[in-house]
Amino acid sequence: MYDYPIVVMQTAVVTQHISSIMVFIAVFINLYQGSLAGHVLLWFSSILTVLGFVFWDILSLYLHAPERRIVRFNLIKGCVLFALLLFGLSPILRTLTEDTSSDTIWAMTVIFFCVNLAFHDYSTGNLTNIRFPGSVSLNAAILASVLLASQLDSNLSVFAFLAFALEWFGLFPISRRYLRRVSAAASMTMAVLLALVAAVMFMYISRVVALLHLSCTLFVTFGCPLWLIWVQRYKNEIHGPWDEARPIVHHYYN
Amino acid sequence: MRSLSICMVSDFFYPSMGGVESHLYNNSQCLMQRGHKVVIVTHAYGQRRGVRYLAGGLKVYYIPAQIVYSNASLPTFFCTFPIFRQIFIREQVEIVHGHQAFSTFCHEAILHARSMGLKTVFTDHSLLGFGDASGIFINKLLKFTLSDVHHAICVSHTSKENTVLRAALEPQQVSVIPNAIIAEQFEPDGSARDPRWITVVVLSRLVYRKGVDLLVAAVPRICAQHARVRFVIGGDGPKRIDLEQMREQHQLQDRVELLGSVAASDVRHVLVRGDIFLNTSLTEAFCIAIVEAASCGLLVVSTRVGGIPEVLPRHMVTFAAPEEDAVVEALSATVELVGSCASHAELAPEHFHRQVKRMYSWHDVAERTERVYLKIADAREPPLIERFRRYYGCGLVAGKLFCLVAAVDFLIGVVLAWLWPSERIEPARAFDYARYRAEIGCDEDQAH
């Protein structure tokens, strides 16, 4: 029923997402501790985003993709407007939770990232819009980022962090879905790459977490598929004349 | 003979239309004619709320309730207990008979009736799979209700098998009582047929579950193969657009007639125009439409799904797998049969009608239902702990939850009995059926 190698390949979407959250948290910790400056993050994320779009376009051209929904002018206009809005709002966001204890913020962040992980759109290959439950996931991630951003101490850091959050949780999953459509191997490579980046970033923060993340990724990739195949023996299917029939239509005329 | 007081409960009743509704109405009418007292409890439909009397003195309680989805009311567990208790005591109900697994009222009424120590019967009108989430949920709910009913009734043997598996019941505890039709309303009319054409009639809601995709695929192929065939398709639904597209694409406007939705009173007028009735359902507990068609003298072509093979004798139906080629072959063979020997005695419409009339009658259904009632009417009431034992066996978590629900319901029953003692609740005045019939008889005499 399930083929082990195929299921292993398909776990890439899950490990990618777990790793991306880990990378995001690592970025925050660096920013919080002051080892990463706001403008560096801003430059870094902007360049990555532009590179991502260029890569997408080249790939689309190369694959002769039939639909190209991205209208460049509108895109740039939207980006500029959004950046300005965010820049204007960042002083407010910085002081948003000044009266709240940091412990509350950490706890809520963990909850929202769990929600993000639970509702993330793993199955559909939707590239153009975000629908329920993916929308819940995105909202949870943005909420968590706003909470985290309010713990930072400079306006530029807040702006850079939130811009990064939008790119990381809004755009990056779409490009990962695109990658999965292109090839399973590319998707797997991305998963490995992200897991390594997350592990390396956490090496400097906490070795235990880095090792935990690596072992968790390995477990999800190799252990869980085995588990899934093993529990099939407990599946009890009952079929009978009461099941709804599937109509078989051949479309000879079309 | 012993007269029983029966309360039928379901979310689905007139003015909404369908198989459950007509079953409730006709069965109640025939039970009343057999000397029993019947009241029906359903939820309010728009302005239709309160107590109403229908023809024959059938009393219906329309209880105000919030409706959540396709006419099913909001599950409230205990909130309906006071009003159900009042009704059961007022009407001196002995047996509570719930209909249809999707009906919240049915489940709640059975639970409350059990808390009050009344006898309960449940009728299942539909089939459900085991694979999807909604199926699993409804099956668990059904298990709860059926753990403590005295008897269950299904409309076909397929449905019985399904229910026994879903609710883990003893098969002896489940009876099969099919639906019926009023055969007098479905008499054949030879003059309505158009001799130039062989007419295929389709009457169903145009939705996926009725196999409209198969119909859309089969119609142009049949029209291409047989020049004398035309289609009359009645019913409405989201798939109607597919049929219209097909008609446009193959330019069959003069051979495929789409009637839109057909009122219950016009069904016969549509049926008698046809020679063949085509049913392409994908699932069906008991297909009443093909019985009506056969009663009007039509040959039936149907997909072999659910309880359909049990419904009619072999010479009236041609079965097909739910697959395009099979449907086309079966329909083609039937068209040739009609074309070659239209006057075959065995296939004469009147002959069909007589046979169906012998097979299906609501009086027969009522008699069989009555037998179930009489069997359980004097059953010994098990102690409360036995009820809990049954609920407890329903599942690791669910069992405990069910026990909790039943216990709370029982306690609410005790509180209600203290607040409104049953002696203080005024019994409803009995409807004088004899006088009603005499008056109606007079009216009829005057009319003549």
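**View 1. Helices α2 and α8 of chain A.** α2(A) crosses α8(A) in the left-handed sense, a crossing being left-handed if the near helix is turned anticlockwise from the far one by less than a right angle, and right-handed if clockwise. The model is predicted: local features need pLDDT of at least 70, side-chain atom pairs count only at pLDDT 80 or more, and totals for chains, interfaces and linings use all residues. Residues are numbered from 1 along each chain as its sequence is written, while chains are lettered from A and ligands numbered from 1 in the order in which they are written. Helices (H or I, at least four residues) and strands (E, at least two) are DSSP runs, numbered from the N terminus. Helix α2 (residues 12–33) and helix α8 (residues 184–203) of chain A pack at an angle of about 30 degrees with their axes 8 Å apart; axes are lines fitted to C-alpha atoms, for helices over the stretch in contact, and angles run from 0 to 180 degrees between N-to-C directions. α2(A) and α8(A) are therefore roughly parallel to each other (angles under 35 degrees count as roughly parallel, over 145 as roughly antiparallel, 65 to 115 as roughly perpendicular and the rest as oblique). Residues in this contact (C-beta atoms, placed from the backbone, within 7 Å) include A:S19 and A:V23 of α2(A) and A:A191 and A:L194 of α8(A). By class, the contact of α2(A) with α8(A) has 13 nonpolar, five polar and no charged residues; Ala, Val, Leu, Ile, Met, Phe, Trp, Tyr, Cys and Pro count as nonpolar, Asp, Glu, Lys and Arg as charged, and the others, Gly among them, as polar.

**View 2. Helices α3 and α7 of chain A.** The axes of α3 (residues 38–63) and α7 (residues 155–182) of chain A come within 9 Å and cross at roughly 20 degrees. α3(A) and α7(A) are therefore roughly parallel to each other, and α3(A) passes α7(A) in a left-handed crossing. Among the contacting residues are A:G52 and A:W56 of α3(A) and A:F164 and A:E167 of α7(A). The contact of α3(A) with α7(A) divides into 13 nonpolar, seven polar and one charged residue.

**View 3. The open sheet of chain B.** Eight strands form the sheet in the order β3-β4-β2-β1-β7-β8-β9-β10, with mixed pairing; two strands pair if DSSP finds at least two bridges between them. β3 (50–54) and β10 (174–176) of chain B are the edge strands, each pairing on one side only. β1 (residues 5–9) and β2 (residues 37–43) of chain B pair in the parallel sense over five bridges, and B:V9 has B:V41 of β2(B) as its bridge partner. Helix α3 (residues 104–115) of chain B packs on the sheet, touching β1, β2, β7 (95–99) and β8 (119–124) of chain B, and its direction makes about 160 degrees with that of β7(B).

**View 4. Two loops of chain B.** B:Y14 and B:P15 are joined by a cis peptide bond with omega of about 15 degrees, and B:P15 is found in the loop between β1 and α1 (19–33) of chain B. B:Q92, in the loop between α2 (81–90) and β7 of chain B, has a positive phi of about 50 degrees although it is not a glycine.

**View 5. The contact between chains A and B.** Chain B gives 22 residues and chain A twelve residues to the contact. On the side of chain B that touches chain A, α5 (157–167) and α6 (212–225) of chain B are the elements that give two or more residues.

Technical notes: Two residues are in contact if their C-beta atoms, placed from the backbone, lie within 7 Å.
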